[in-house]
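Open the structure in your viewer and keep the sequence panel beside it. This tour tells you what to select at each stop.

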Amino acid sequence: MKVSRLIAPEGEKAQINISVRNLVEFLLREGDIDDRKGSVDPFEAMQAGSRIHRKIQSSMGPFYSAEVPLKFQIEYEDYILGLEGRADGLVLDRDESGNVVTATVDEIKGMYMDVMTFEKPVLVHEAQAKCYAYMVASEYNLETIEVQMTYVSLETEEVKYFNHIYTYEEIEEWFLTIVGIFKKWSDFQYYHKMELLESVQGLEFPYEYRDGQKKLVSDVYRSIYRRKILFMQAPTGTGKTIANVYPAVMALGQNLAERVFYLTAKTATAIAARDAYSLLVEKGYEGKTIMLTAKEKMCLCDEADCNPDYCPYARGHFDRINDVIYEVITKETVITRDVILGYAEEYVVCPFELALDVSTWCEGIICDYNYVFDPNVYLKRFFAEGKGGEHIFLIDEAHNMVDRAREMYSETLIKEEILSIKRYAKPVSKKLVNALEKCNRIMLEYKRECDHDITVLDDVDMLLNACDNLQMILEQLFKKEIKFGIYQDEVLDFYFRLRNFTALAYQQDSDHYRIYCDFDEDKNFNLHLYCIDPSAQLQDRLRMARATVYFSATLLPIDYYKDLLCNDKDVYAIYVDSVFDQKNRLLMLGTDVTSKYTRRGDDEYLKFATYINTIVNAKQGNYMVFGPSYKFLEDIQSKYSDIMGDVDVIVQQQNMTEQEREDFLLEFEKKRDKSMVAFCTLGGIFSEGIDLVGGKLIGSIVLGAGLPQVGNERKLMSDFFDENGKNGFEYAYLYPGMNKVIQAAGRLIRTKDDVGVIALLDERFRFGSYRKTFPREWNDATFTSVESVEEQVKVFWKDKE
């Protein structure tokens, strides 16, 4: 549904347009949510439906017109409601004078079902045809009109017809009733939009501008206005969240955009965005904003099983959903997970589906990257079939996007998993067993070629043909609701990975992908479709928006991110200076230690431990120590425990629960009469996205340069970039590693009142290639050593007394 021409030319009314199909599917949906019916690829179903449409239409004779566009307008006091659609078929009977005297509207529906068992048309299908029938009857002043429902089985191509003749009075009464039901929704859309536009006209920036912040706001607005992609390196404290949200909201108020997607990978940054919107609401902004949360975190049941026999929220969900949507959008402004859960419990509807439905009525959507970019999870209601809109993408913590995008656009097939599925298939389908066996034989051939750690393949065309056939057979079984017993979920998971693999394989090209095979830790044989450069895939999504802003505290070197996060060369890039006084922190580069594997050992570990001990002993407070791996941290901590004084130590554990994470951070809130040292992993859950302000952290100590481990995949990545004219080492190792270092160091100075020490301990930080990744405000970094660090730290803290 789309509102258009809300700022109409003088003398004209604003107009709201909606397709007939969307109208009837929205108003007349009913029944349960039920995921037990298997899974059918919607694109494959659409293609099959289109094929059968064309076949039937071409067989209907010379008087049958196919794909007839129809439009109808209803004028209300303040706006016009426009309905539009395309009738599958239309037959006009004319008299001798050429006047239309009667007509038949044909609606064709291809179904993966036995249509010959149908006793009557499906309600929403018939409603769509009846809307078209009224449009035709009204246009030609017909006394009667015939509606024909043509149902076709997509597997057998059997056809069943339902025909009904309506008088004009009957079809008009029905149509006006439907439109009358929708009027409260179109009223909401129009009047809410007018309130939003008015509220933005006088909306001021909610704070006094910090140094450079007004220019930042202007740069974002200018990028939106000019339909550009903007890369923004904005250090902590520059107020980049509100500096992005505010101009995006102003663009909504100028009718430059219809929706803003605030995209993030972290809960903390999502909360910051929520708070920014809430602040604008306090200042008078009337827009609706929703935070979308993963299905597993929204489910009110013990497990996310959308089965009406098991879940009361799935049972009859569609019978109740529209009432609760209207309640939410008319009563709430900033709509959080807790708000949605409250309404879902009260009305007994699925909270996840409620959130998705409510989002279509909101101007602001705060969500994870995958809701826009992931080909398997993206919001189809906004981006299906390549459709876009006047959207704005605000992408926070954008340094995370490179690895996240590689993950989204890559897939792996495992030979041993194919064999497992084959065992599950034996009692179910011999045809499926044969298809799995063929895939396994081809994988075996690849395995024989893989005589060392990693083998790069030119193509996998033979496997793709076998996978296409396997996918088709699985889909046929799902359509027939054939089950695999206790292995059903495992088979479904395999099917989704298979489908993703084939879809990506047909899209990939050697400019962005590598196909390779190797063996995992369990000696399983893996075939990887690996997206090394995701820029082309991301650009396909970016084209669906009016403008995009990538922003983070660490986007250096900017060319690295511009190369990998978009294909558009005409982009803006800005660097925002830090607002903090550099005198409030001591930045030291330890030049006599390294985390290189060739130097690891007791002597090196003791040096690192001595650095930590010296820095911590200089002043009581809380310190964070970041290391490249759990094993490395364990070795350092062991040496530190031998020499440390009366100090509390906490250690990040692997796979911590949400509660364990919260408890870990609460340790920084406690009042102590001694220091605390927290050992954490570089690039881990505590190395970014957390704020320990007000003296809760006075030291950030980074052990090593953070470079990813040398391995087959990184070597492949390095070679790829070397072949494409880039510096392979920098793109595969240096930039990702230094990003982690800068993020970890950034945990320290979060507000203008924070004071502390940052120690980057690795001799490699002396090198120019490493230091060119430093933020501008690190221009005062000083070198240090185990012998000199004590004096430097003492002098710093003495100056702060």
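**Stop 1: the eight-stranded sheet**

Begin with the open sheet built from eight strands. Select them in the order β11-β10-β12-β9-β13-β18-β8-β19. Their pairing is parallel. Now look at the two ends: β11 (334-335) and β19 (572-575) are the edge strands, and each pairs on one side only. You are looking at a predicted model, by the way.

In general, strands of a sheet pair through backbone hydrogen bonds, either parallel or antiparallel.

Select β10, residues 289-291. Two bridges join β10 to β11, and the two run parallel. Pick Ile 290 and look across to β11: its bridge partner there is Ile 335.

**Stop 2: a cis peptide bond**

Next, find strand β18 at 547-552 and helix α20 at 558-565. The loop between them holds Pro 557. Select Leu 556 together with Pro 557: the peptide bond from the one to the other is cis. Its omega is near -5°.

**Stop 3: strand β25**

Select residues 756-761, which make up β25. How many of its six residues are buried? Six of the six are, so β25 is largely enclosed by the rest of the structure.

Show the side chains. In a regular strand they alternate between the two faces of the sheet. Here, Gly 756, Ile 758 and Leu 760 point one way, while Val 757, Ala 759 and Leu 761 point the other way. All of these are buried.

Strand β20 covers residues 585-590, and six bridges join β20 to β25. These two strands run parallel. To find one of the bridges, select Arg 585; its partner in β25 is Gly 756.

Click Ser 700 and look for Ile 758, its bridge partner in β25.

**Stop 4**

Select Glu 67. This residue sits in strand β3, residues 64-75.

Move on to Asn 141. Look in the loop between α3 (123-140) and β6 (144-153). Asn 141 is not a glycine either, yet its phi is positive, at about 55°. With a relative accessible area of 68%, Asn 141 counts as exposed.

**Stop 5: the whole chain**

Zoom out and colour by secondary structure. The protein has 27 helices and 26 strands. The C-alpha trace spans about 105 × 70 × 50 Å along its principal axes. Does the radius of gyration fit or depart from that of a compact globule? For 801 residues such a globule would have a value near 28 Å; the protein has 31 Å, which agrees.

Turn to contacts. Take those with a separation of 6 or more: 77% of them come from residues 24 or more positions apart.

Of the 801 residues, 55% count as buried.

Last, colour by charge. There are 96 positive and 132 negative side chains. The centres of the two sets lie 4 Å apart.

Definitions and conventions: Residues numbered from 1 in each chain as written. Predicted model: local features only at pLDDT ≥ 70, side-chain atom pairs only at ≥ 80, totals over all residues. Heavy atoms only, no water. Helix = DSSP H or I, 4+ residues; strand = E, 2+ residues; numbered from the N terminus. Rg over C-alpha atoms; globule rule 2.2 N^0.38 Å. Buried < 20%, exposed > 50% of the residue type's maximum accessible area, 1.4 Å probe, protein only. Contact = heavy atoms within 4.5 Å. Lys, Arg positive; Asp, Glu negative; His and termini not counted. Charge placed at Lys NZ, Arg CZ, Asp CG, Glu CD. Pairing = 2+ DSSP bridges.
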